[in-house]
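This report describes selected parts of one structure. The sequence and the 3D view come first, followed by short notes.

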Amino acid sequence: MFAMSYKVQRYVILFSFLTLPLLLLAVFSFYPAVYLAWLSFTSWDGYSPDKAWVGFSNYKEIFTNADIFKVLSHNFVYFIGGIVQNILALIFAVLLNSRLRGRNTFRALLFLPYIMNSVAIAYMFTYVYDAQNGSLNALLTSVGLESWIKSWLGDAGIVNYSLAFISMWKFMGFNMVIYLGALQSIPGDLYEAAKIDGAGPFQSFFYITWPSIIKIVELSMLLTVSGALEVFDLPFVMTKGGPAGASQTFVTQTVETAFNFSNYGLASAMGMVLLLIVVLVIFIQRKLILRGEE
Amino acid sequence: MKKKQLLSTMAVLGLAMSMTAGCGSNNGNNDGTAASNNKATNAAATNDNAAATNAVASEEPAAPKIAGKVVFTTNRTDLVDTELKNYADKFHEKYPDATVEIEAIKDYDQTTKIRMASNELADISLIPGTVKNSDLPNFYMPLDDLGLNDRIYFKDNRSQDGKLYGISSGSAAMGVTYNKKAFATAGITAVPKTLDELFAAAEKLKAAGIIPLATNFKDKWPLYGWDQEAFIFANDPALHNTMATQDEPFAVDGPHWQAFSILKKMVDSGYVEKDLMSTNWEGSKKDVASGKIAMFLLGNWVVPQVVDNGAAAEDVGFFPLPLDNSGEAKVILASDYYYGIDKNSDNPDTAKAFLKFLIEESGYDDYAGFIPVLKDKQPKLAQLNEFMATNPKVIEMAAENDDYLAIANKMQFDTSAFAQDAIMGKDMKTVFESYNKKWKDAKAAVGK
């Protein structure tokens, strides 16, 4: 090995270090993705040995069947929740970045929900939202707000907001930590100089803080959008898409299409369409936010 | 200093890499040997079998050798370590060379279909409901040589090209399971025989502070009974298959309309759980057992489960749901899962022997509260015998054919979701119209 030239050694190291991760990526990510793309052109039922080629008819069905795209309006609720979550996270990050007694405790408390397993959270909130014995309605009763009592998971008009709230509660701490990191990377002398020049707290936020963390905000929004498009665990565990399909999301619908109604071909096509939507959204977002910078 | 650091980092990394690489190849080797070992034993086993069958061929009386390990997959996660394990032990006692491993699967149909696709089907399994009969020969072996053909119900449901591929694990009658004490508390002296009597009884129960009927609306699947009642309204054991020949099967005043109307009236009159969207299936069994809720509309398999939840067996009764005011009792029998044996099973004779054992000797049908699949065996459930003693008109539900499954899958038709939509929708007529339209489109799309 030591007789090799420096260049060869470099290549040996490079290749040996990259082989394993690339192999894993290929086996568990690229191959399934390509296979999914291929399946989306078939009418496979999920178990038969024959996978009949049907061309674009699955895609045609997705774009002509209004029922499939209608559920994206449910995903939109999670997107709204995601925006609120980002705003709250930023407020908390700014607050907890200042000198505040016990700020580390608050940071830990707010971050805690993110560490919890999402299925455990789903079960926990099933009890909170339970219409008859749930803690939320019990709380409302005890403070005299009986008129606010709702069937939180049973009312078709409310269920998505109830679920979006949980995901907001869970991911807010994570956003906050990211924002905190960004805030701490801003040098303190900038604020000092601004203060000397007579800038108030709002001015220093909008002219120093905001421009410094805009990249991170962009990243957070990206995660929010793709997260909102791919919501799955909460409705799957808590409502099974009910009542009468009111909390069905694009992914739960895809899973149902594949497993309950034996239509893997269509479900694969739905997966591909979701992938394309996410790519498109990211592309537009980058174009909008990065314009003028390059 | 810096150079030294770099060097040591490199060294550590290099070491780590070689170690992981070592692990990788070691694992690979282990897997390889394990796999080949398995193959070897499997091959040996098949050889044994081949020898055994050859022997049978030459000298008639010798029975096939019952040996080796077979796997049985079931949906009963609750019984896998208790009742079902007993069956495996008893089978092992009977055939000391053979062992049965029982594996319970949650989300049974989904998981089993994935196993079918990857050729990993267990030796004995329950055939998922949505598998088309025309696909059966690809996965399962014919069971005609078990000698059960003339002795079983539902023989034609899972047959293809004249061969039997699936044997019913038992069947259940659809009807009302009720708590006799709750009825007595409300002052109901006789079981309702007509629809009016049913509603009158519900009114009395409601007045006594008892919830008359548990729908388990939220969980959706417990509504499947209302679809089965539609079979009785249509007087058609193959209603689903008949629907596959119609463009608009969901007519106003049609079978489904009539069945769902009873449920709708129950809901509108407040004869069901207070909040339909926070019903709780496990809890409802306890409530029926304790008399907080009076009735279920489900298969008779729920009777033993209510007893398990604390009711005395003599306090639980079962009667057919009255559909009209004629007083004539009608009931529909539907088969539960069908057993099938993997076409590529390594020990087919053992698998068949265990299947036969399950059906003839294990007593699982009695334990689960099923009506046995064997025609000459009487059901053990007292409630069921009481019920059958009234001589109701019995409809044996036929299997769903491939045309129906194709349309239903295309349209994503779920009978229980249909019941949910009909009840939750502002107007039942609009719901039925939209289902008719979807059915027609799906039927055209699959070209049936």
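## Terms and numbering

Helices (H or I, at least four residues) and strands (E, at least two) are DSSP runs, numbered from the N terminus. The model is predicted: local features need pLDDT of at least 70, side-chain atom pairs count only at pLDDT 80 or more, and totals for chains, interfaces and linings use all residues. Residues are numbered from 1 along each chain as its sequence is written, while chains are lettered from A and ligands numbered from 1 in the order in which they are written.

## Strands 1 and 2 of chain B

Strand 1 (residues 68-74) and strand 2 (residues 98-104) of chain B run parallel and are joined by 7 bridges; two strands pair if DSSP finds at least two bridges between them. In this pairing, B:Phe72 lies opposite B:Ile102 of strand 2.

## Annotated regions of chain A

An unreviewed UniProt entry lists "domain: ABC transmembrane type-1" for residues 71-285 of chain A. Such annotations may be inferred rather than shown by experiment. In the model, this span is 75% helix and 0% strand.

The "transmembrane region" annotation, also from an unreviewed UniProt entry, covers several stretches of chain A, including residues 76-96 and 108-129. Residues 76-96 of chain A are 100% helix, with end C-alpha atoms 30 Å apart. For residues 108-129 of chain A, the values are 91% helix and 25 Å.

## B:Ile210

B:Ile210 sits in the loop between helix 6 (195-207) and strand 8 (211-214) of chain B. The C-alpha atoms of B:Ile210 and B:Gly291 are 7.5 Å apart, although 81 residues separate the two along the chain.
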